[in-house]
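Subject: Structure handover

Hi there,

Here is the structure I promised to pass on to you. Please have a look at it first, and then read my notes below.

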Amino acid sequence: MKPMRVVFLSLVVAGANACGSAPPVAFSVTDRRVLPPISVGATSTTALDVAPEPLVLAEQKHSSDVKEARLPNGLRILVLERTAMPTESVALVIRQGSVHAKQGVAALYGSTLLGREEREQLFYLGADREQDVGSDAITVRAHALAPLTRSVIAAFARSLKRPGFYEGDLDDAKKQQRNELQESLESPTGAAGSQLRQAVFGAASPYATRTLGGTTASIDAIREEDLATFHAGVTGPNTTLAFAGPLPLAECVRIAGAYFSSLSAAKVPRAPTMTAPPTTSQITILDRPTASQSNIAIGFSGAAEGDERARSLEVVASMLARGLSGRLALKVRQEHGFSYGVSADNANYREAGIFTIESSVESSKTAESIASIATELRTLGTSVPAKTETTRAATAAAGESVQDQQTNERALNALVYLGTYDISLAEFERRPGLGSITPEMVQRGVSQTLDMSKAQIVIVGDAAKIEKSVRDLNLGPVKVVKMPAGSGS
Amino acid sequence: MSSKNEWRERNDNRAYGNVSGVVWSTMFPDGHPYHRSPIGTPAELDRASIDSVRKFMASYYLPQNATLVIVGPVRSAEVRPLVEKYFGQIGNSAPRPNAVTTTFSPLAATKQIKMLANVPAPLVAVSWKVPPSTHPSWYPLQFGLRPLMWRLRYDFVDQAKVATDVGLSCTDQRLAAVCTIEVSLRPKESPDSVVSVINQRIGSIQREGKLDWKTLSEVRTQFLSSTIFGVESLSRRANAMQTGLDRFNNANQTEVNMKRIDAVTPEQAADAVEQYLGEQEKVVVTVVPDKNAPIGGKIQ
């Protein structure tokens, strides 16, 4: 392919020397450079051959190209040097999430960490920014043109030195969080997902109660001291700075040292108390009388990060619901036309996991859709799938997993993952890639984890239309509750 | 059935899901190809027969009406025989369908529509019909819209604190594009003053007659960044090439677009705002919470 010529002219960057005494950086980019074709590693060159075997990266192991360093205060630096594109993806991973704090605090901390000036700076830099408050960690990412990396890091560092919640807009941020919570709970998928986590993890589990933004009451109860306490846990050993792009390790260490060396070196203990997941199935109907569809969410207690089932379940999720060719899509959509699609997700946290299957279906076909899904899970749990199907599923899953390195942005996922769970490079290297998952492992993963006798099922829909047929399924006790306050009931 | 479920999922069963369809059907008169959404309505889907679907496929899914883009570490000499093997057998006996053409014409007057939806908060969507990306004014207008959106976000979210977000989206089609500014109000806030504030901000850009250079540089950085991000992955690069071929007959249109971005002047941006974001030429949809309406919304 002919290389694409890209011309950068006079990129003016706001807030160039923005981080206290940090060294000044020249941001004026007047440059002509050539974008080489993108490298995607060992992709087969027979990509158009409609052969039965899939063609992409299923056998690829986790990358051994990641390099690592630490600042004296313990901050971890992970670098994947890639020169194919003139962009750099960076992430700040704080290994402290919603399970480590009072309800709603982590979400509020995450949303107010970047001050207004920092948000604007990243915006004007043309950076794609993303903040994720997870159960186990908070991650702030940015994807920007490589010459602007130092400015991005400066914005991150300045936020850690003086988080945005000190700007005096805490009440406003709480109001915003209450609104987001309400919006989420009022949407059928949001309400189903929230209810499902409580059902699968157990109502008292930190993975159930401390997700989302909390509750209206818990948000009201948050004080600035709570955020300050959470902020005190952001220390060097608790933080990772990850880079994917053309910057070499030495340069990344230099930038990190310039901006993050003042971070405390104290270690902060964190160990959420877990509760046992439910051992019997339960069906909850969230009644929404005007619903034109039923939103079905089926959940199972899954594999924690590091559990050997975790990788198998990634392949299972792909086998069940990837695009239009997953087993459940073929059954529920193609064969019956009950739904536009079915999704499956395998989420692995530090201390627990959840496997979910979701679909929006025609109200009158709610029970039949659940029955179809249950039948398919039983089939996959009792009979080993074909090698070809397993390899295809693994290949598709690799494209969505930490194995995918097609762009710097995606390559960063692996580094964020290593930072979130504090996994060493050696351990990461030892872990099998998705290509090593066998059909037997898939079948075992399903039989051990996706057991319908322990399934938690949440349906958001019109109870008057669906309750009887759902009860007739005899999949477990059924309870009907109203949608959360202010909802579509 | 699955198409009707798709329609429900995207429209009736999604918060504010019906707004976009109302905007487009209002913006384009009955008979215009953009008056209806591509998926149709549940009633139209019910009327579709297998014969009508076959006829549509035979008319439009033709080799002479299709483009295949392959991006990746492949050699043309290796790929071409495979393309011929798998795509060469498709018949091309039917004539190539004529392209649909219309002359771009702005809306004659503002149209106000009120919708009710079972949602927690009101929303105001202000939309303009603008020329498509093939038109020389595309980037100047984008350069004008971006700072307008920043300013409105500051007005509504940061200053007045009556909104949770202000968004800007432009949907670019071959014959025309629709640009929409959406103001997501906080629950119980009144949508009444939203349009007049937007009009004031547009008016001030028009009075200034040009953007300041700092703003222009910031917008330029954003567009250059997003254009490069847009060709990073294989799938995005393939999409960019496909769009370039479809709209400009140029697979390397990305390169041309970067030059177009570079060439926008402050005066051009203000001129485009004046020309296409006129006070009387928009569709204003106001969505008000109502527990008896569908989540997606219905016209009052």
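**Salt bridges and a buried strand**

Arg186(B) is buried, since its relative accessibility is 2% (buried means under 20% relative accessible area, exposed over 50%, partly exposed in between, with a 1.4 Å probe and protein chains only). Before the rest, a word on conventions. This is a predicted model, in which local features need pLDDT of at least 70 and side-chain atom pairs count only at pLDDT 80 or more, while totals for chains, interfaces and linings use all residues. Residues are numbered from 1 along each chain as its sequence is written, chains are lettered from A and ligands numbered from 1 in the order in which they are written, and side-chain values use heavy atoms, with hydrogens and water left out.

Back to Arg186(B): its side chain forms a salt bridge with that of Asp172(A), at 3.0 Å from N to O (a salt bridge is a side-chain nitrogen of Lys or Arg within 4 Å of a carboxyl oxygen of Asp or Glu). This pair crosses between chains, from helix α4 (residues 170–186) of chain A to the loop between β4 (177–185) and α7 (194–208) of chain B. Helices (H or I, at least four residues) and strands (E, at least two) are DSSP runs, numbered from the N terminus. Asp172(A) is buried too, at 18% relative accessibility.

Over all chains, the structure holds 34 salt bridges. Another of them joins Glu467(A) and Arg471(A), at 2.9 Å from N to O. Both residues lie in helix α17 (residues 463–471) of chain A, four residues apart, or about one turn of the helix. Glu467(A) is partly exposed at 24% relative accessibility, and Arg471(A) is partly exposed at 37%.

Now to strand β2 (residues 123–130) of chain B: eight of its eight residues are buried, so the strand is largely enclosed by the rest of the structure. In a regular strand, side chains alternate between the two faces of the sheet. On one side of β2(B) are Leu123(B), Ala125(B), Ser127(B) and Lys129(B), on the other Val124(B), Val126(B), Trp128(B) and Val130(B), and all are buried.

What does β2(B) pair with in the antiparallel sense over eight bridges? That is β4(B) (two strands pair if DSSP finds at least two bridges between them), where Glu182(B) is the bridge partner of Ala125(B). β2(B) also pairs in the antiparallel sense with strand β5 (residues 283–289) of chain B, over five bridges. There, Val124(B) stands opposite Thr286(B).

Best wishes
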